Amino acid sequence: MPDLAPVSADHLAHLLKQVFGYDRFRPLQREIIDASLAGRDALAVLPTGAGKSLCFQLPALAYPRPALTIVVSPLIALMKDQVDQLSAAGVSATFLNSSLGADEAKRRFRGLYAGEYKLLYVAPERLMLDGFTERLKEWAVRLIAVDEAHCISEWGHDFRPEYRQLAKLRELLPTVPVMGLTATATPRVRDDIVKHLALREPAVFVASFNRPNLTYRVETKDEPIKQLLAFLKERPHDAGIVYCASRKQTEKLADSLNDRGIAARAYHAGLEAAERTRNQEAFLRDEIRVVCATIAFGMGINKPNVRFVVHYDLPKNVEGYYQETGRAGRDGLPADCLLLYSAGDAAKQRHFIDEITDEAEKARARRQLRQMLDYADTTGCRRVELMRYFGETFQACDCGACDNCLAPLETYDATLPAQKLLSCVYRIRAASGFDMGLKHVVDVLRGHANEKTERLRHDALSTWGIGADKTEHEWMHLGREMLRLGYVELGSEGLPVVGITDAGRELLRTRTAVTLAKPRAVVKPKRDRKVRDRRGDFDFDEILFERLRELRKKLADERDVPAYIVFGDTSLREMARYYPGNVTELSGISGVGEKKLNEFGDTFLGAIRAHLAAHGKQDFGG
């Protein structure tokens with residue numbers, strides 16, 4: 001590796017503005033960049049939309065050639081997207097993967113040997129091929145950045161065995177610093193990343209997992225297609241993702257939306273690769289509004305203006321849910337996350353878990369489902385629950401951007417039903433010598449006869465039918481609340497049976513008052529203007545914004561790239577608020593770097609002038 005001079009703070013600030021069009025760094029970006037430029041290994045855990053890519057892209061630009069940054073990326077689509085964005089900003093970057101023909105791959109290899117590129121994106125399995133690793137020694141590699149680094153950990157939500165080979169790079173290029181980057185990682189996963197990437201005394205940076213621009217809501221699932229349509233009707237110009245539990249559901253839902261005039265397509269691993277690519281491209285290029293997808297869709301999606309993510313079915317775990325909702329609002333603008341949830345979803349997942357043969361894996365799946373149910377059932381701030389999962393304490397008592405904070409649930413005196421449920425759990429154990437699942441407890445309370453209650457003679461218990469005045473949904477909700485509050489607990493090894501705890505026995509003995517929140521009723525989702533104001537969004541000329549969006553789409557189509565490659569929504573909104581009238585003013589807009597200013601500046605300034613001539617300027621105050 002060549003002997004490289006230190007990089008000044010002024011030079012970094014200049015590159016940030018000149019290339020990317022930003023006046024300031026986001027939290028922790030500068031510190032991560034400094035660590036990398038100092039030759040240190042680093043682990044960066046930053047939420048989606050916090051600017052992880054800049055942490056290795058800017059160092060790659062900071063030194064004169066020859067100096068190459070290798071970016072390990074798991075998906076072909078993500079590589080192409082990031083290279084397109086860098087090329088649009090004037091950065092020499094390339095990728096190598098199976099999508100390239102032999103002649104094009106050879107051309108790019110020649111460019112790498114000639115030192116033409118600052119960044120090379122490559123998949124882990126290709127990077128570790130014997131022939132490829134030998135080439136690495138011949139290039140002036142300055143930094144190895146491992147994106148989506150959680151894939152290296154079996155405790156992460158998207159483990160990929162090929163990532164485990166990357167530790168060999170340490171032996172191959174012992175003096176080259178390695179940077180691991182991920183959007184979601186519990187402390188256990190972070191330790192795993194450090195271990196399996198063989199990071200040496202790394203500088204570890206963990207940003208807050210809070211995404212303040214996202215609003216979280218959970219609704220009781222009841223006629224979900226109608227709920228989804230109501231949600232989409234409130235957002236007629238917005239694009240988003242609807243996650244479903246099965247491949248069949250994605251196709252059925254996409255057909256239903258198309259039948260109702262909403263442009264949608266399905267995405268799942270069972271589709272032909274060409275069809276998956278077409279559907280993904282249509283979404284990235286704003287040709288469709290909605291992708292109905294399984295969790296196979298998402299990690300490689302760099303579309304910044306996803307304005308909503310809906311979970312049509314219950315996710316398997318909190319980490320996956322957080323990662324999936326994180327695909328909304330990458331541009332920092334307000335976005336909505338809706339989870340439709342029913343007891344039936346939980347029952348389906350328990351059934352699938354019961355079929356797992358590996359006991360350790362089964363116990364882990366049960367624990368993860370329990371955590372997901374705790375989140376869905378919580379009556380407190382949803383941000384508190386999400387942050388707690390990642391080991392972070394969220395200080396505010398009212399986040400102002402979740403359903404429970406925006407519209408607190410009505411409470412009721414649950415002392416008597418709590419006593420009934422605890423008594424039933426206790427008597428089932430006393431009569432049978434073992435605990436039963438919550439659904440069985442509810443069947444006994446409601447006097448619901450079935451093969452199991454009759455076989456175990458639980459229809460003879462004194463608690464049989466004493467809860468017939470409540471629905472199954474109400475009892476299941478109360479049971480989950482009692483579980484969350486620690487009055488009952490799951491069986492050993494996470495078995496799906498509930499037993500009374502010492503706290504539950506004490507509550508049963510003392511008859512202490514219990515106040516709980518009522519289940520949230522099915523409501524029509526709506527956006528709250530207060531939330532937008534709290535999150536620093538601003539008013540803008542919506543007519544001009546739409547005109548600029550149309551212009552952006554036209555320019556992007558001409559260049560065969562997604563619209564956000566030209567400019568992001570944040571840039572267009574600022575143009576539609578401040579009405580820049582010349583090149584100097586336009587250069588002050590966020591995201592307008594030097595190359596984009598030269599390429600698109602006159603065109604956008606002309607559109608703004610034409611709009612002002614026809615409509616005049618709005619006064620937004622301030």
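Author: With a cut-off: buried means under 20% relative accessible area. The model is predicted, and in it both D403 and R382 are buried.

Reader: What makes D403 and R382 a salt bridge?

Author: A salt bridge needs a side-chain nitrogen of Lys or Arg within 4 Å of a carboxyl oxygen of Asp or Glu. The closest N and O atoms of D403 and R382 are 2.7 Å apart, so the pair counts as a salt bridge. D403 lies in helix α17 and R382 in helix α16, so the pair ties together parts that are 21 residues apart in sequence.

Reader: Why is D443 called buried?

Author: Its relative accessibility is 5%. The limit for buried is under 20%, so D443 counts as buried.

Reader: And why is K439 called partly exposed?

Author: K439 has 38% relative accessibility. D443 and K439 form a salt bridge, with the closest N and O atoms 3.2 Å apart. Both lie in helix α19, 4 residues apart, about one turn of the helix.

Reader: How do you know whether D502 is buried or exposed?

Author: D502 has 64% relative accessibility. Exposed means over 50%, so D502 counts as exposed. Its salt-bridge partner is R505, at 3.2 Å from N to O. At 40% relative accessibility, R505 counts as partly exposed.

Reader: How many salt bridges does the structure hold?

Author: The structure holds 36 salt bridges.

Methods:
Residues are numbered from 1 along each chain as its sequence is written. This is a predicted model: local features need pLDDT of at least 70, side-chain atom pairs count only at pLDDT 80 or more; totals for chains, interfaces and linings use all residues. Side-chain values use heavy atoms; hydrogens and water are left out. Helices (H or I, at least four residues) and strands (E, at least two) are DSSP runs, numbered from the N terminus. Buried means under 20% relative accessible area, exposed over 50%, partly exposed in between (1.4 Å probe, protein chains only).
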